[in-house]
Amino acid sequence: MQKEQKANTNNMTDYEVATAFLGEWGLFQQHVFFLLCLTFIPNGFTGMSIVFVADTPPHRCVIPANLNLTAAWRNRSIPLELDSNSGALVPSKCSRYKLGDVLSFSDRGFLPGVDVNMSNVPTESCLDGWEYDQNVYISTIITEWDLVCDDRWKNPLTSSIFFCGVLTGSFISGQLSDRYGRKIVLFVTMAVQTVFTFIMVFAPSWPMFCALFFIVGMGQISNYVAAFVLGTEILSPKVRTIYSTAGVSLFFAAGYMLLPLFAYFLRDWRMLLLGLTLPGFLYVPLWWFIPESPRWLLSQGRVEEAEAIVRFAAKKNKIKPPPVIFSPSQKDLQCETSKALNICDLLRSPNIRWISLTLWLVWNTLTIAYFALSLNTANLHGNAYFNCFVSALVEIPAYTLSWVMFRWWSRRWSLSSTLFMGGLFLLFVQLIPARSYSVSLPYILMGSITITSGLLSLLLPESYGMPLPDTITHMQHFPGCCKKTPYKLTHTEEKEKVAEGKSPVFP
């Protein structure tokens with residue numbers, strides 16, 4: 001019995017130990033690395049497309065062409081109002097002088113500002129619609145459905161609905177990939193993102209556009225998470241660091257930089273979405289080149305399939321694999337210890353609960369700050385296409401720096417220092433002259449929560465140089481402080497806990 005137990009202990013090796021013979025950077029790892037990175041390019045231009053699709057060009061009330069007005073009155077039919085940004089008088093965007101009165105003055109030969117005091121002329125809303133400047137855009141969803149003035153609240157709501165889809169996808173994508181596999185969820189959600197973006201081209205109304213945009217948001221975050229997890233589970237520790245920092249992010253930034261190029265040549269919002277959709281169909285052949293995660297297959301007790309992928313990787317790397325890669329008894333272990341988990345399990349154990357809550361705060365803070373700054377490029381002074389390109393371009397050195405920091409510095413201090421510095425600069429924005437308090441308030445809020453997240457991230461356990469946890473019991477303790485505690489729980493110990501009637505997930 002002791003010999004059998006010892007044999008099982010020797011066979012229950014960790015995945016990374018069992019696959020170490022493959023090496024770090026063989027042909028197999030290179031192909032997986034670059035093919036998975038390619039899947040992030042559409043996320044860069046799809047998520048940010050709303051910058052151009054929903055931009056609001058200069059506009060004013062329509063004065064019907066068939067109205068018999070003199071040139072003087074036609075030119076003065078729109079009241080002037082003070083612009084809050086420049087301080088200059090500009091034509092009103094949402095009102096006009098009452099056309100009945102203007103027509104009466106015109107017919108009687110009165111001159112505006114000379115015979116008539118314009119401040120005494122009553123105004124009315126844009127009853128005949130709006131006319132939009134087409135120097136930058138041929139059309140956007142704003143000009144298509146007149147989402148201005150009383151309906152201007154629909155513009156930010158459009159982005160909010162997209163991010164509601166992102167939130168929904170964040171909750172369900174992990175559950176789906178745990179149940180059906182990383183690969184199938186990756187390609188199904190890429191198809192969802194591509195197909196529903198294509199359907200958006202034919203959206204007949206704003207509500208329909210928003211409903212489709214919600215589904216696109218679900219698909220986008222789901223394939224992002226699936227590809228991220230798939231790469232980290234297949235690749236070796238050193239390559240995993242490059243993939244999860246520089247690889248994923250640089251290819252996302254490449255897609256982001258392509259967006260203003262597409263938008264510059266496709267200035268109609270429907271044609272822009274169509275142009276952004278077509279590259280998605282080029283990813284279909286990748287199904288036959290990207291493998292499933294052997295880690296996930298092992299977690300499902302599918303040892304033979306996992307071993308087949310590892311043997312294929314060895315063949316591609318021109319390495320002779322050992323006779324036995326994963327012990328057959330590992331299949332029995334997985335069947336005994338498998339347990340259906342969901343997002344609630346991240347809150348059940350005190351240790352993983354505080355790690356999860358801290359990371360949720362960090363991710364929410366990063367998402368709010370990143371997208372608030374990126375989606376604001378259309379409102380900056382200057383050319384909208386150039387501003388968007390520069391916003392994407394500055395991410396390249398940032399992602400490169402993140403890889404350098406994560407490669408040679410503490411993960412906890414890397415995260416905390418960058419969050420703190422980002423929050424500090426957001427707070428400095430309010431010091432720029434000529435911005436009212438209401439304009440600065442979002443930056444104050446973003447800066448405050450970013451600095452708070454940076455300080456709280458110091459409590460996270462350090463993961464630099466640590467093995468990738470396979471189960472919740474492998475997680476390090478919270479708060480991490482300055483001490484690294486790699487897990488020592490072996491698969492045999494988990495099996496013994498099961499035999500004793502204890503949960504392998506929650507001791």
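Phenylalanine 33 is buried, at 6% relative accessible area (buried is under 20%, exposed over 50%, partly exposed in between, with a 1.4 Å probe and protein chains only). The model is predicted, so local features need pLDDT of at least 70 and side-chain atom pairs pLDDT 80 or more, while totals for chains, interfaces and linings use all residues. Residues are numbered from 1 along each chain as its sequence is written, and side-chain values use heavy atoms, without hydrogens and water.

**Aromatic rings**

- The whole structure holds 26 aromatic pairs (rings of Phe, Tyr and Trp, the last by its six-membered ring, with centres within 6.5 Å; planes under 30 degrees apart are stacked, over 60 edge-to-face, the rest tilted).
- Tryptophan 25 and phenylalanine 33 make an edge-to-face pair, because their ring centres are 5.5 Å apart and their planes stand at 85 degrees.
- Tryptophan 25 is partly exposed, at 41% relative accessibility.
- One aromatic cluster consists of Trp145, Phe162, Phe163, Phe209, Phe213, Trp269, Tyr370 and Phe371.

**Charges over rings**

- Lysine 183 has its charged end over the ring of tryptophan 287, 4.3 Å from the centre (NZ of Lys or CZ of Arg within 6 Å of the ring centre and within 35 degrees of the ring normal).
- Tyrosine 264 has arginine 267 over its face, 4.5 Å from the ring centre.

**Helix H20**

- Helix H20 covers residues 395-408 (helices are DSSP runs of H or I, at least four residues, numbered from the N terminus).
- Glu395, Tyr399 and Met405 are buried in H20.
- The buried residues of H20 fall within an arc of 120 degrees, so they line one face of the helix (the arc is that of directions from the helix axis to the C-beta atoms).
- Exposed Pro397 and Trp408 are on the face of H20 turned away from its buried side.

How values were computed: Helix = DSSP H or I, 4+ residues; strand = E, 2+ residues; numbered from the N terminus. Expected span 1.5 Å × (residues − 1).
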